[in-house]
Amino acid sequence: MKILVIEDEPELREAIEISLKRENYRVETASDLESALIKIGSYRYDCILLDIMLPGGSGLKILDELKAQEIPGNVIIISAKDSLDDKIRGLELGADDYLAKPFHISELSARLKAVLRRKLSGGKTNLEAGNLCLDPANRTLQVAGRDVTLNRKEFDVLHYLILNQDRLVTRTALAEHVWGDHIDQADNFDFIYYQIKNLRRKLTDSGARVELQAVYGVGYKLTAT
Ligand code: CA
């Protein structure tokens, strides 16, 4: 994965470059608008990290140029400018995300991963419900763009419930899907109850906008709220 960092503050640029290289990205850099325009005209990047206030002009011009030339690639705006206008304008111009300075490099790394994951899956294989985005291929869940860690069974339960969004899923169907065909011979379904309980707590803690409704004695239904 090849990343272009467009940032004029040398310390920040170097910090980003070092940490992304450590995560095995290929990293190129530009420190002003003109050199950045030349780079995007000549090379392709999987993601561009874009500062807005640059020597030579606004980083938004980069977005204009990418759009005008129909250059594929993702952009995350990293901007110190405490301006809502920049954010809205940037997203309108096709930026994928916006990160306000100062930020932790770990946060930037997480956003970058999210953007690249969406790119790799073409935005098609992911399942969405409310502010949840579940990636079956990589077995990851994001709530409002942030990673939430689930154990294997919790993930499988949620996956099945999202696939059946707004429909009542019986405990038997859920058990068979997640635990295997012979589970219907189990004495009781307490194990589902505990997985659902943990899952519900994790979703609530992460600010998920979905409801995991229990229909007493029958099963569960997931709905966006
Ligand atoms: Ca700057």
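## Around Ile-52

Beyond its neighbours within four places in sequence, Ile-52 is in contact with Gly-57, Ser-58, Gly-59, Leu-60, Ile-77, Ile-78, Ser-79 and Asp-86. The model is predicted. Ile-52 sits in the loop that joins β3 (47–50) to β4 (53–54). Its relative accessible area is 2%. The cut-off for buried is under 20%, so Ile-52 is buried.

Ile-52 and Gly-145 are separated by 93 residues in sequence. In space, their C-alpha atoms are 22 Å apart.

## The calcium site

Three residues coordinate the calcium ion: Asp-8 (OD), Asp-51 (OD) and Met-53 (O). The distances run from 2.1 to 2.3 Å. Along the chain, the donors are spaced as D-x42-D-x1-M. Asp-8 and Met-53 link distant parts of the chain, 45 residues apart. Asp-8 belongs to the loop between β1 (2–6) and α1 (10–22), while Met-53 is in strand β4.

How accessible are Asp-8 and Met-53? Asp-8 has a relative accessible area of 26% and is partly exposed. Met-53 reaches 51% relative accessibility, so Met-53 counts as exposed; the cut-off for exposed is over 50%.

## Helix α6 against α7

Two packed helices are described by the angle between their axes and by the distance between those axes. For α6 (residues 152–163) and α7 (residues 171–179), the axes come within 10 Å and cross at roughly 130 degrees. α6 is therefore oblique to α7. The crossing of α6 past α7 is right-handed.

On the α6 side, the contact involves Lys-153, Asp-156, Val-157 and Tyr-160. On the α7 side, they meet Ala-173, Leu-174, His-177, Val-178 and Trp-179. The residues of this contact divide into six nonpolar, one polar and two charged.

## Helix α6 against α8

α6 also packs with helix α8 (residues 190–205). Here the angle is about 80 degrees, and the axes are 10 Å apart. An angle from 65 to 115 degrees counts as roughly perpendicular, so α6 is roughly perpendicular to α8.

α6 contributes Lys-153, Glu-154, Val-157, Leu-158 and Leu-161 to this contact. These residues meet Gln-195, Ile-196, Asn-198, Leu-199, Lys-202 and Leu-203 in α8. The contact of α6 with α8 divides into six nonpolar, two polar and three charged residues. Lys-153 and Val-157 of α6 take part in the contact with α7 and in the contact with α8.

Notes
Residues are numbered from 1 along each chain as its sequence is written. This is a predicted model: local features need pLDDT of at least 70, side-chain atom pairs count only at pLDDT 80 or more; totals for chains, interfaces and linings use all residues. Side-chain values use heavy atoms; hydrogens and water are left out. Helices (H or I, at least four residues) and strands (E, at least two) are DSSP runs, numbered from the N terminus. Buried means under 20% relative accessible area, exposed over 50%, partly exposed in between (1.4 Å probe, protein chains only). Contact means heavy atoms within 4.5 Å. Axes are lines fitted to C-alpha atoms, for helices over the stretch in contact, and angles run from 0 to 180 degrees between N-to-C directions. Angles under 35 degrees count as roughly parallel, over 145 as roughly antiparallel, 65 to 115 as roughly perpendicular and the rest as oblique. A crossing is left-handed if the near helix is turned anticlockwise from the far one by less than a right angle, and right-handed if clockwise. Ala, Val, Leu, Ile, Met, Phe, Trp, Tyr, Cys and Pro count as nonpolar, Asp, Glu, Lys and Arg as charged, and the others, Gly among them, as polar. Donors are N, O and S atoms within 2.8 Å of the metal (3.2 Å for Na, K and Ca); water is not among the atoms, so sites may look incomplete.
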